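User: Hi! Could you walk me through this protein? I'd like to start with its surface.

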Amino acid sequence: MSFVEQHGLWTPEQRKAAETVEREVAGRGLGVVRFSFADQHGILRGKTVVAEELAGAMRAGVGFTTTLLAKDTAHRTVFPVFTQGGGFGLPEMQGAADILMVPDPTTFKILPWAPHTGWLLCDLYFADGRPVPFSTRQLYRDTLSKLNAQGYDYVAGLEVEFHVFKLEDPKLKPADAGQPGNPPEVSLLTQGYQYLTEQRYDQYDTIYEILRKDIQALGLPLRSLEVEFGPSQAEFTFRPGTNMESPDTMVLFRSAAKQIARRHGYHVTFMCRPKLPNVFSSGWHLHQSLKSRKTGVNAFIPTEAGEPLSALGRYFLAGLLEHAPASAAFAAPTINAYRRYRPYSLAPDRAIWGRDNRGVMCRVLGALGDPASRIENRLGEPAANPYLYMASQLLAGMDGMARQAAPPASADTPYETPAPLLPRSLDAALAALRDSACYRNGFGDRFVDYFLHIKEAEIARYQLEVSEWEHREYFEMF
């Protein structure tokens, strides 16, 4: 009996999908299949299996070292993995022991830019069949199951800003290596500040067509390709997806865009604000609503004239606003993200909402009978782990639903309305998370403390660096 069968890890749908995957790999003559999982940062990691080993690997799982779950964004291990419990308080995690990637066969893709290659998204398990508590896709699924049990599906649409540059020097000399290595040198595709102009779009067309063809060939629900405000800044939007679809789409889109672009001499980055002259910050605006599992109807549609959302939608909105400081740790989990929250910048700086207003944190779009009624949260950065970002939204929204909380009044002047300010640093967001009963109850103390440890290690490393500002400010003065 295989590992999957022994522990009942697949649904009937997944078992059927696994057989289809095997036939497709053989029928198309694929050479390899990548087994990937989204790590704590939302970055795909994994191993590549030759086609002949696929059937066994899918059912037995593929092992990898637990240290991959112990790394910060520089790939530095920040837990004492060779001590008792490995720094996690779990004997299964100590000594750089193995855990298993088990694929979800329903996620199978053939990579258009590497047509000999199949791809599977995996979940993580210990050798005894228990889920690994730090697997972010499983944390999202667990959170989603709580919502589903209340009779609702989660619907999310993705509006993602990022930058596309020409790659001039990839910095591959040995002296450029490190943790992290030196970033590549790039040049612009265009000058900026001609938002949505057709002329600028035509200058993007070559790389946009390369990306579009492969992203659509992957089956991702791409909706639009847009020229954003800043130089070399892009925005892609995706049709709304239900439950697991949207975070899976975001993870694959980010990885695919970077891989495709690199093969053609470009560099794509989802970093919020690159340190390049005249470059603008990028955001990830998350459009979200709930759908009744019984009727299939959007549960946020207002039922009374003049109301922005249904009562349920207003409860959900109130939860998002109340837990905004702590949720920033998941929506904007990098030090760099907090360069974006500036007044009068089309980015929020306080926890408020408004009707069709792009200066607020939560832009509400709804009207009596409008099936597209929804909340657009403008808090996130495009580097956020999609599973944690969306799970944090669900936990906050469900808390508002449980308490039937009422949101404050709509803000028509978003940068003047008195309201709680959003965190101005990752440190401040982590402090709010540390004290958040909502997220400790939802994710569990073990995961929250794990996440805090990784992010605090990044901050500590950052604080040891001497910045250009400090050097310029003090070197001559003193």
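Analyst: Happy to. Accessible areas here come from the Shrake-Rupley method with a 1.4 Å probe. On that basis, this predicted model has an accessible surface of about 20900 Å², and 52% of that surface belongs to carbon and sulfur atoms.

User: Which residues make the nonpolar surface patch?

Analyst: Tyr 193, Tyr 195, Leu 196, Phe 229 and Phe 280 make that patch, which covers about 470 Å².

User: And where is the place of Phe 280?

Analyst: Phe 280 sits in the loop between strand 11 (266–269) and strand 12 (284–292). Its relative accessible area is 31%, so Phe 280 counts as partly exposed.

User: Okay, zooming out. How many helices and strands are there?

Analyst: The protein has 13 helices and 15 strands. Its radius of gyration is 23 Å, close to the 23 Å that the globule rule gives for 478 residues, so the protein is as compact as a globular protein of that length. The C-alpha trace spans about 65 × 60 × 50 Å along its principal axes.

User: What share of the residues count as buried?

Analyst: Of the 478 residues, 56% are buried. As for contacts between residues at least 6 apart in sequence, 71% join residues at least 24 apart.

User: What follows helix 6?

Analyst: Gly 265 does, with a positive phi near 85°.

How values were computed:
Residues are numbered from 1 along each chain as its sequence is written. This is a predicted model: local features need pLDDT of at least 70, side-chain atom pairs count only at pLDDT 80 or more; totals for chains, interfaces and linings use all residues. Side-chain values use heavy atoms; hydrogens and water are left out. Patches are made of residues with over 30% relative accessible area and no salt bridge: like charges are joined within 9 Å, nonpolar side chains (Val, Leu, Ile, Met, Phe, Trp, Tyr) within 5 Å. A salt bridge is a side-chain nitrogen of Lys or Arg within 4 Å of a carboxyl oxygen of Asp or Glu. Helices (H or I, at least four residues) and strands (E, at least two) are DSSP runs, numbered from the N terminus. Buried means under 20% relative accessible area, exposed over 50%, partly exposed in between (1.4 Å probe, protein chains only). The radius of gyration is taken over C-alpha atoms; the globule rule is 2.2 Å times the number of residues to the power 0.38. Contact means heavy atoms within 4.5 Å.
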